[in-house]
Amino acid sequence: ARKIRIMGAAALALTYVASGRFDAYVERDIRLWDIAAGGLIVECAGGEFWHEPTAPNHTYRMIATNGLITDQLPKLA
């Protein structure tokens, strides 16, 4: 499966991570403007937000976590 659950907007999923509803959110091939605001919200809530460019066409891969399972994420990704 490519995606387990699609919320409709990356920003919504990122706010769920910030609030603690989700433990983590992992995405690839997503545009920066889809994750920038949500990433800031995660960081301001005390979580961790990591992203890096994947191609010259402004796509990124990213991982956001509420900070409680950060050590477990490299095993999952």
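Trainee: Let's start with Asp34. Is Asp34 buried, exposed or partly exposed?
Mentor: Partly exposed, because Asp34 has 34% relative accessibility. Keep in mind that this is a predicted model.
Trainee: Noted. Which element is Asp34 found in?
Mentor: Asp34 is in helix 2.
Trainee: And what does Asp34 touch, leaving out residues up to four places away in sequence?
Mentor: Ala10 and Ala11. There is also a C-alpha distance to look at. Asp34 and Ala9 are 25 residues apart along the chain, and their C-alpha atoms are separated by 7.7 Å.
Trainee: Where is the place of Ala9?
Mentor: Ala9 sits in the segment before helix 1. Ala9 is partly exposed, because its relative accessible area is 38%.
Trainee: Let me step back. How many helices and strands does the protein chain have?
Mentor: Three helices and three strands.
Trainee: In what order do the elements run from the N terminus?
Mentor: α-β-α-β-β-α.
Trainee: What share of the protein chain is buried?
Mentor: Of the 77 residues, 30% are buried.
Trainee: And what share of the contacts comes from residues 24 or more positions apart?
Mentor: 50%, counting the contacts with a separation of 6 or more.
Trainee: Back to the helices. At what angle do helix 1 and helix 2 pack?
Mentor: About 10°, with the axes 8 Å apart. Helix 1 covers residues 10-19 and helix 2 covers residues 32-44.
Trainee: Why are they called roughly parallel to each other?
Mentor: The cut-off is an angle under 35 degrees. Helix 1 and helix 2 pack at about 10°, so they count as roughly parallel.
Trainee: Which residues make the contact?
Mentor: From helix 1, Ala10, Ala11, Leu14, Thr15, Val17 and Ala18. From helix 2, Asp34, Ile35, Gly38, Gly39, Ile41 and Val42.
Trainee: How does that contact split by class?
Mentor: Eight nonpolar residues, three polar and one charged.
Trainee: Which residues is Val42 in contact with, beyond its neighbours within four places in sequence?
Mentor: Leu14, Val17 and Ala18 are among them.
Trainee: How far apart are the C-alpha atoms of Val42 and Ala11?
Mentor: 10.0 Å, for residues 31 apart along the chain.
Trainee: Change of topic: rings. How many aromatic pairs does the structure hold?
Mentor: One. The pair is Tyr16 with Phe22.
Trainee: What is the geometry of Tyr16 and Phe22?
Mentor: Edge-to-face, at 5.2 Å centre to centre and 80° between the planes.
Trainee: Why does that count as edge-to-face?
Mentor: Planes over 60 degrees apart count as edge-to-face. The planes of Tyr16 and Phe22 are 80° apart, so the pair falls in that class.
Trainee: Is Tyr16 buried or exposed?
Mentor: Buried, because Tyr16 has 18% relative accessibility. Phe22 is partly exposed, because its relative accessible area is 22%.
Trainee: What lies over the face of Tyr16?
Mentor: Arg21, at 4.4 Å from the ring centre.
Trainee: Last topic, backbone. What is phi of Asp29?
Mentor: Near 55°, a positive value in a residue other than glycine. Asp29 lies in strand 1, residues 24-31. Asp29 counts as exposed, because its relative accessibility is 52%.
Trainee: What about phi of His58?
Mentor: Also positive, about 65°, and His58 is not a glycine.
Trainee: Where does His58 lie?
Mentor: In the loop between strand 2 (48-55) and strand 3 (59-65). His58 is exposed, because its relative accessible area is 51%.
Trainee: Thanks, that covers my list.

Terms used. Residues are numbered from 1 along each chain as its sequence is written. This is a predicted model: local features need pLDDT of at least 70, side-chain atom pairs count only at pLDDT 80 or more; totals for chains, interfaces and linings use all residues. Side-chain values use heavy atoms; hydrogens and water are left out. Rings of Phe, Tyr and Trp (its six-membered ring) pair if their centres lie within 6.5 Å; planes under 30 degrees apart count as stacked, over 60 as edge-to-face and the rest as tilted. Buried means under 20% relative accessible area, exposed over 50%, partly exposed in between (1.4 Å probe, protein chains only). A charge sits over a ring if NZ of Lys or CZ of Arg is within 6 Å of the ring centre and within 35 degrees of the ring normal. Axes are lines fitted to C-alpha atoms, for helices over the stretch in contact, and angles run from 0 to 180 degrees between N-to-C directions. Helices (H or I, at least four residues) and strands (E, at least two) are DSSP runs, numbered from the N terminus. Angles under 35 degrees count as roughly parallel, over 145 as roughly antiparallel, 65 to 115 as roughly perpendicular and the rest as oblique. Contact means heavy atoms within 4.5 Å. Ala, Val, Leu, Ile, Met, Phe, Trp, Tyr, Cys and Pro count as nonpolar, Asp, Glu, Lys and Arg as charged, and the others, Gly among them, as polar.
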